Amino acid sequence: MEQELEQVIQLIQALYSPSTPPATQVQLQHQLQQVQSSPLAWSLPGPFLAHSADPSVRFFAASTLQLSIARQWETLPLEQHEALKQSLLGWLSTSAAEAYPAQGAERQGERVALRKLAGAVTSLSLRLALKEGDAEESGRWDHWLLEVMARVGGAGTSREAVLEVLSVVVEQVARAELVGNKRIAYMSTLSSSTPMIVSTLSSSLSAPSSPSRELNSALSCFTSFLLAGQFAHTELTTLYPLILPHLSNSETTIAACTAIEELIERSSGLSGAVGVTRFVGRQKTEELVVGWATSEWVQGVIRDAVEAEDADDDALAVMKLVCAITEHFISFLFSSTPTAAVAAGQPPPLNLSSPPTIALFHLILAITHFPGHTTESYNINEMTSGVWMALQEESSDVGLVSGDGEGREGRDGRVHEWEVIKAVFGALAEGLRRRAERPKKEVVKTWPKDVLDNFRIYRSTVLAETMLYSYYTLRESMLGGLVSLAESQMAQAHPDSDDAYEELEATLFTLHAVHEAVSLPCPLHLPTLFGPTVLGAIPRSQHILIRSTALRLVGAYAAWFATQPEACLAAVGFVVGGLEERELGSQAARALRGLCGANRKVLTGHVGSFVAVLGGLEGKVEDTELVKVLESVSSVVQALPEDQIVEPLLALANPIVSKLAHSVQAHGQLPTESRDLCLQQLNYLTACAKGLSDPEGDLIDLDASFDDTQQVKEISARVLSDPRIVEMRRALGEAVEGAARVWNSDAEVVQALAEYIRNSTSDAIPSPLALDSFSLLTLSTSALQASPSSVWLSIAGSLVARLSRDQSDHQLSEEDIARIGEPVRVGLESVLTTHGDLKAMEENPDTVQAFLVFCNSLVRYYPRIFIVLPSHLDAIITFAKRGLGMQERFSLKATIDLLIATVQQTRMASPSSTIFHSTLQPHGPSLLETLLHSIGGAVPRSHLAALSELLHAMIMRMPEEMRGGLKGLLAREGWPSAKASGEAKARFEKAVLSARTGKQCRQAVSDFAMVCRGLDGSAYGAASLAAFE
């Protein structure tokens, strides 16, 4: 035994030695973990803790003891429980005396061991405090925390030792996985120690001679008990006044601020801590505002940090608490106080005009506008987000909003309050606008990339979101002020300077930040913004930053231009000017797409100019940007009347079709170049198809008459029958078919083809760039024969759905069903013959998932196909049963969805229901077995809802088969899980067979799954159940 212990000590010392190589440390750690899980684990803590002075050995011993209690408790004989408790209390008190001696020096490194021992005591209490029966006979540890405090406090330790142990204990208690009655019973064992805990904290917090280290420990201990929900109003009434003096003590500021901040959060009721809700009410909050938050000391701390552009930990803690107090204070600021409270001699409540309130807003503004461009500075700026949201919402609720109309009726009699709110939000907006200004160019040049990225992120997130609160309050007056400022800044700018437009750029950025909240049309200010004095005066060369922001601004307000044709054309001209510049191409393309999408009818008269612009851009603009431009121009072409659409459409499409055909023809001579050309032209085709799609195609117009819909279809048919369009589509079909044949196994080309097909066939009205859906289905299933892939299967599935939109299953004749069945047969056999075994399925989960989705489309949209393909339906069900054994979540979900659809088809009013029932019936027993095995733990719990739906459908559709099969399967010993008792299985059987709704079956499946996984009654299992429901 001694030799084994010595070997373990050597392993521990080698692990923590600085000279041990990392690879060796990994091996040593593995060996020590094996020791901790071996029978030796109960034997080594005693000798190590009693004799070893090495802190790493003592830490390992304490850690091993805690793990053994938590994971190997059942291996410790019952008669040794009391001895272990007494030994552990002895080791804990000895460690506490060495880590926190009342006199003399502490043992180095002992504190980490003490924390582990405190954790071990807590783990032991979880085992012993919940024993049933008489306390003396069963060894139940009822007053364990009192005993722990007494042993530690009586071991010659300082008070700090007791506080440290209490902190660790309550943190461990808060993390304990206990639910229901077990949690109530365990927490009741702590109640007897509450007076002693409060007394200990009070002694430390109130003693004038308490060292700062003890004070900080007491404050941290208070916070830990508060977070664990162990303090109610009674305890807080005693402790709260004792904490307040430590807020302004530089040695305890951080811990005290943290304690009060947590208390305020729980008082708000947002944290769910019911026991302390409303403890920090209006009176206490106002006392914090007047007595601390607006004191000279706090103002000095924040002022010094702002001047230094740097905040230490103390200043950060102060700022966070000021923000928490302010946000909490705002919840009372606009509510009236009962007159009885004022009559009782209390000071009148603070209001918006009170000097402390004004001083508090000044502090919040200083934090919001905290200077500097470091990550820490931006984090400080973000602290106040909740304050501004609360102030905006509360003031809006009482009518303190700019303008007239609904929701502003509360303004009467509150003119002075409105002036305060207007001034506060005005100062906020102006400070944020200045904060948005980029520093001088020579400064920005010195910034590393991460600093520049952080500035951009801060502007577009924290700053922009906070700016919206100002706009929601000030509205049109703020918009008008910004536009006037922009006009003034433009007039004063000096184009020759590198930094000529930095202030204007910040103003335009601010206007962009609030664009989502601006109600359109807004005729008062936007004509000036997008007129000749601002947008029209921005340089058309150099000055990339201001032009980029202006492009974003144009795109953001694109919808406004619909009523301003002249301004729209001017904006288009400005945008087109940026397309050929590399730094601006992306922004310009996005802006053009926004303008074209929102102003199709305005721009239809200029479509020829657009097409001419396109001809000059190819080769000068990145493909990714040209794609956006093509989509934009196509969206304008889509809005053209019938008699004007053909020529512009052909001008867009013919060059693309011609180059796509050329890429196919040249692939033998120039394989790489022709492939790249093919990809490029397919992307162009996709962009055109997107632009030509109906912008309202996804909306269902309930007011549209049949005649209107029919008229649209007739116009489309006439366009498609135009000889020039017919010829273009013929050439397009040949080019697409050629690309699919030549590059059928090239993943990138196939994906590009899929995107084109998906976008060109998505509209209810056929697109001029769309090919016949049946021909494309034949093409895709033929490609599957040569190269089965998830992309081709995805294409085939979407085409089946597209065909069903034209003609549903019951509308098709038997000949039509047979005709569609042929390419379907080819596609099914291509996958079933190559991916039919479980190994191939596991190696190709993406293909399996796409195939299952394709099969699901067939079952849903064209079930009659399986009248002509009955053997294929049988093969699909067999394939799906194997799919239940896969762990890949997308494949598993697709499998369950397919099986549900298949089972549901057995009762559909369709000629195919008979074939589905007769094919599915022989699979019933094996499918039920696989399903129960999955519920019992073979698949992730995230799929339980879908599994329960499948089980319920099978029981409802095949009741007799399922009833007998369920009884026989659950009768197996130890199946589907050894953790499920016979009683649990009988309860599950009864519940699912009697379930009349999906919800009832889902609850039964969920309960049984928790039992099978050993999670029944645990906090983790309860959380899982909540998520499942």
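Which residues gather in a patch of negative charge on the surface? The residues are Asp 310, Asp 312, Asp 313 and Glu 376.

## Basis of the model

This is a predicted model, in which local features need pLDDT of at least 70 and side-chain atom pairs count only at pLDDT 80 or more, while totals for chains, interfaces and linings use all residues. Residues are numbered from 1 along each chain as its sequence is written, and side-chain values use heavy atoms, with hydrogens and water left out.

## Overall architecture

The chain contains 53 helices and 0 strands; these are DSSP runs (helices H or I, at least four residues; strands E, at least two), numbered from the N terminus. Its C-alpha atoms fill a box of roughly 100 × 85 × 65 Å along the principal axes.

Of the 1029 residues, 52% count as buried (buried is under 20% relative accessible area, exposed over 50%, partly exposed in between, with a 1.4 Å probe and protein chains only).

## The α16–α17 loop

Asp 312, a member of the negative patch, lies in the loop between α16 (296-308) and α17 (313-333). Asp 312 is partly exposed, at 48%.

Glu 309 is found in the loop between α16 and α17. Its phi is near 55°, a positive value in a residue other than glycine, and Glu 309 is partly exposed at 46% relative accessibility.

## Other backbone features

His 543, in the loop between α27 (526-529) and α28 (544-556), has a positive phi near 45° and is buried at 18% relative accessibility.

The peptide bond from Trp 975 to Pro 976 is cis, with omega near 5°. Pro 976 belongs to the loop between α50 (959-970) and α51 (982-994).

Methods:
Patches are made of residues with over 30% relative accessible area and no salt bridge: like charges are joined within 9 Å, nonpolar side chains (Val, Leu, Ile, Met, Phe, Trp, Tyr) within 5 Å. Accessible areas come from the Shrake-Rupley method with a 1.4 Å probe; for residues, only the protein chains shown count as cover. A salt bridge is a side-chain nitrogen of Lys or Arg within 4 Å of a carboxyl oxygen of Asp or Glu. Lys and Arg count as positive and Asp and Glu as negative; His and the chain ends are not counted. The place of a charge is taken as NZ of Lys, CZ of Arg, CG of Asp or CD of Glu.
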